[in-house]
Amino acid sequence: QSTMAAFSIVIIASIIGGFEDIGWEVLSSMRKAAFGQSLLSGLVIALLAMVMDRITLGFTARNKVAGVPAWLAPRRFWGIVAGAIVLSGFMHLTGIFDLLPLTAGRGLIDAEGMNTWVLGLVAAYAGPLETFKNNVLYFFILPLRIGMVQAVTPMSWGIALTPTVIAIYVLVVGLIATALGRSFGWQGALAMVVAGTLFFFGFSNFPWPAFIALVVMLAWRCAGAGVAVFAFFSCLFILVLGLWQPFMQTVYLCGLAVFLCLVIGGLIGLWAAHNDTVSKIVRPINDTLQTMPQFVFLIPALMFFKVGELTALIAIMLYVIVPPIRYVEHGIRHVRADCIEAGQQCGCTPLQLLFQVKLPLAMPVIMLGLNQTIMAALSMVVIAAMVGTKDLGQQVYIALGKANAGLGLTSGLAIALAAMMA
């Protein structure tokens, strides 16, 4: 984990003084919109991270490795290493290394051709991508941020927010809340009412006393009076600092990313838990996403969707989707066999077995996955701020650029408090 953290910070470090390292290569390429070069440089970091990940992980299982060739026995192995060191020293002293300049390898890959290919790919799908971006922005992201009160206009939605439309919306939310109340009790109904209210007014326009009351009540019901008091003073501290609007932007962006990743990642995890082939395919993809530096996730999102909140959302989701997949699969696969057999003996259908036996027993593991998903989303906020968000991460990024220690510390502390409350 220390190795992964070190690799993930190299691009951030280049902002405040890195020079001629791989992090600077990624950053400077992105600033020039040279996505081909930035992808190649990001791939170097990802490959280094994955190699180091496998090597350090191998130390924990070095006594379990089987089938090692005879020529790799410990004594011979260290002899080969010593010989390689001696040969390298000889080549350096005799100047043989100078025959191959350090930058000679760059000509093997046509970075400009890569840039041209990437830009051509983006141009070929510009129409559908722009349509997708506008639909998600106008019908989903904007209502969450500024509310249906401001987002629903004849230009964006094709309709005006008349009293009739508001009545229909309230009726739909009420019907869904009633259905959830019958299935999951009053908690499900209340969750739907809160979600519907937030979607109508938006996180930016939601009254801060009501939001603080909601957070404190949720903390008290879930974790007790101590956490409720901590949540109250944390929210009050953020409010007094004047960071309430960026804080709400952070909550909405991270909350949306966590919700979408739980749905998508949870479904993939369920599929992988019941299908070994899918599990084998998903595992290396998860490994890649988990070992890749956070900044690299901005590159493909920025290529296709340019600067904006959708780009930030996609970058966060790429980093955050791994915990739901891993924890859901792990939880389902490790449900006790006798419990599953008991459910089958009672005549449960596959769906009944899933929803009434497997998921309830796997819920502690899945909830741990939810915790990790939230933490990962908040850790990605500062990275996502580089593509145009206006949340707490943007405040940290601004403070970093201006060497404003006060703003950086208070914004970072607000992110930390949000993480601890969650």
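The following legends describe close-up views of a predicted model. Residues are numbered from 1 along each chain as its sequence is written, and side-chain values use heavy atoms, without hydrogens or water. In this predicted model, local features need pLDDT of at least 70 and side-chain atom pairs count only at pLDDT 80 or more, whereas totals for chains, interfaces and linings use all residues.

**View 1. Leucine 289 in helix α14.** Leucine 289 belongs to helix α14, residues 276-291 (helices are DSSP runs of H or I with at least four residues, numbered from the N terminus). With a relative accessible area of 16%, leucine 289 is buried (buried means under 20% relative accessible area, exposed over 50% and partly exposed in between, with a 1.4 Å probe and protein chains only). Leaving aside residues up to four places away in sequence, leucine 289 touches Phe297, Leu318, Tyr319, Ile321 and Val322 (contact means heavy atoms within 4.5 Å).

**View 2. The aromatic pair of phenylalanine 211 and tryptophan 244.** Ten aromatic pairs are counted (rings of Phe, Tyr and Trp, the last by its six-membered ring, pair if their centres lie within 6.5 Å; planes under 30 degrees apart are stacked, over 60 edge-to-face and the rest tilted). Phenylalanine 211 and tryptophan 244 form an edge-to-face pair, 5.9 Å centre to centre with 80° between the planes. Phenylalanine 211 lies in helix α11 (residues 208-223) and tryptophan 244 in helix α13 (residues 244-274), so the pair ties together parts 33 residues apart in sequence. Both phenylalanine 211 and tryptophan 244 are buried.

**View 3. The rings of phenylalanine 232 and phenylalanine 233.** The ring centres of phenylalanine 232 and phenylalanine 233 are 5.3 Å apart and the planes stand at 75°, so this pair is edge-to-face. Phenylalanine 232 is partly exposed, at 36% relative accessibility.

Note on methods: Helices (H or I, at least four residues) and strands (E, at least two) are DSSP runs, numbered from the N terminus.
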